[in-house]
Amino acid sequence: MGFLASSLRKSTRLCRPPISILLRFFLSVHPSLLPYSSSIGSGFHRSICSDPNAESLIPPPQSPNPKTPTPLQMQFESWIHMLKPGFSPSDVVEALRAQSDPDLALDIFRWTGQQRGYRHNHVTYLFMIKISIFGNRYRHAETLIEEVIAGACSASVPLYNTIIRFCCGRKFLFNRAFDVYKKMVNSEDCKPSLETYTLLLNSLLRRFNNLNVCYIYLHTVRSLTKQMKVSGVIPDTFVLNMIIKAYSKCLEVDEAIRVFREMGLYGCQPNAYTYGYIAKGMCEKGRVSQGLGFYREMRRKDLVPSSSTYIILICSLSLERRFEDATKILFDMLGNSMSPDLLTYKTLLEGLCREGKGIDAYELLEEMRKKDALMGEKTYKTLAKGLHFLSQE
């Protein structure tokens, strides 16, 4: 079998015409395709036809025109030439700062990082991460962040806070933000700052959607608060308000009041948000009288509650049949150019009607119609029909 295959290969080679014969036939049919002038071309033809190694005489094909560099490539080359040998991280920062294209900046960042004798520091990484984020190159930013966490450069508080801010804004990177925070806690010269705690607490509070979820994250809020005190970071009013809000959302109102009492120790003054969080937490806990007390204290300080604080106070007082207090708060709300929603109106008016004060409810509805510029005809008719229906029972 092997002998037969060998014979077939030899016969195939014997039957194949030499390249010189094929070339001679082709040039005789198409003499105009000769690469040179007629006299030179004829000599070329004879030399090919007579030379047994004609294949080596065929001129090589002309290479295509080199590709024209793109503007981005030209800019990259110009910046590379501007960086003199022995450039420093500050030189790289200046080069990155001058770029309007985040992709070009990343190319320069990567090229400089590969040069002998040079290593990026926390400043260059910070600039490159910011450029990637502002340029919507989030994948690039994530890659750079992983390099920083792996130890590609020295640590710094601004760099780590920028990473935490970015991770807190990305749902699937939420846990990564706390990994960076732990690295800061365990470091010697890069401890968490007030901005670090502000970013983490704010990110946690955005996840306080319902009571069950609140309890899951409340432990983390407590841990951050404790660590902040241990590390000697002095909180501001904004951070203390977030802690109070977390406790109030979880109905841990006693803890919220404790933080409220400690605000003076840090030189912080409670504002409208402080009182509003506690008043709402008290009402939701069922301690409406205490919630009303915080409302009155804030009004004595000329602090204006939010519309949500007004609404929960009105509804809570109405459900406890304290219609006089609810009505006063309602008119205070209207006096501050805020309008209750339909449910708040129904809770107060229908509560009056069920208590046998239908006439008072109708009179209050008419008065509110005059004072509430945002009450539309549809809302008024809905409330009037509800009162009429209850009065007929």
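On a 1 Å grid over the protein atoms alone, a pocket is an open set of points with protein on both sides within 12 Å along at least five of seven lines, and its lining residues have an atom within 4 Å of a point. The structure examined here is a predicted model, in which local features need pLDDT of at least 70 and side-chain atom pairs count only at pLDDT 80 or more, while totals for chains, interfaces and linings use all residues. Residues are numbered from 1 along each chain as its sequence is written, and side-chain values use heavy atoms, with hydrogens and water left out.

The largest pocket has a volume of about 160 Å³, a volume being the space filled by probe spheres set on grid points that are joined across faces, edges and corners. Its lining consists of K245, S248, K249, Y277, K280, G281, E284, S308 and I312. At least two of the lining residues come from each of α13 (237-249), α15 (272-285) and α17 (307-319), with helices taken as DSSP runs (H or I, at least four residues) numbered from the N terminus. The most is given by α15, with four residues. By class, the pocket lining has two nonpolar, three polar and four charged residues; Ala, Val, Leu, Ile, Met, Phe, Trp, Tyr, Cys and Pro count as nonpolar, Asp, Glu, Lys and Arg as charged, and the others, Gly among them, as polar.

The largest cavity holds about 60 Å³ of space and is lined by T225, M228, K229, P235, L240, I243, R258, V259, E262 and Y266. Two or more of these residues come from each of α12 (211-230), α13 and α14 (253-262). Six residues of the cavity lining are nonpolar, one is polar and three are charged.

Turning to helix packing, the axes of α6 (residues 102-113) and α7 (residues 122-134) come within 10 Å and cross at roughly 155°, where axes are lines fitted to C-alpha atoms over the stretch in contact and angles run from 0 to 180 degrees between N-to-C directions. The pair is therefore roughly antiparallel, a term for angles over 145 degrees. Contact (heavy atoms within 4.5 Å) is made by P102, A105, L106 and F109 of α6 with T124, Y125, M128 and I131 of α7. Seven of these residues are nonpolar, one is polar and none is charged.

Note on methods:
Parallel < 35°, antiparallel > 145°, perpendicular 65-115°, else oblique. 1 Å grid on protein atoms, 1.4 Å probe; cavity = no way out; pocket = protein on both sides within 12 Å on 5 of 7 lines; lining within 4 Å.
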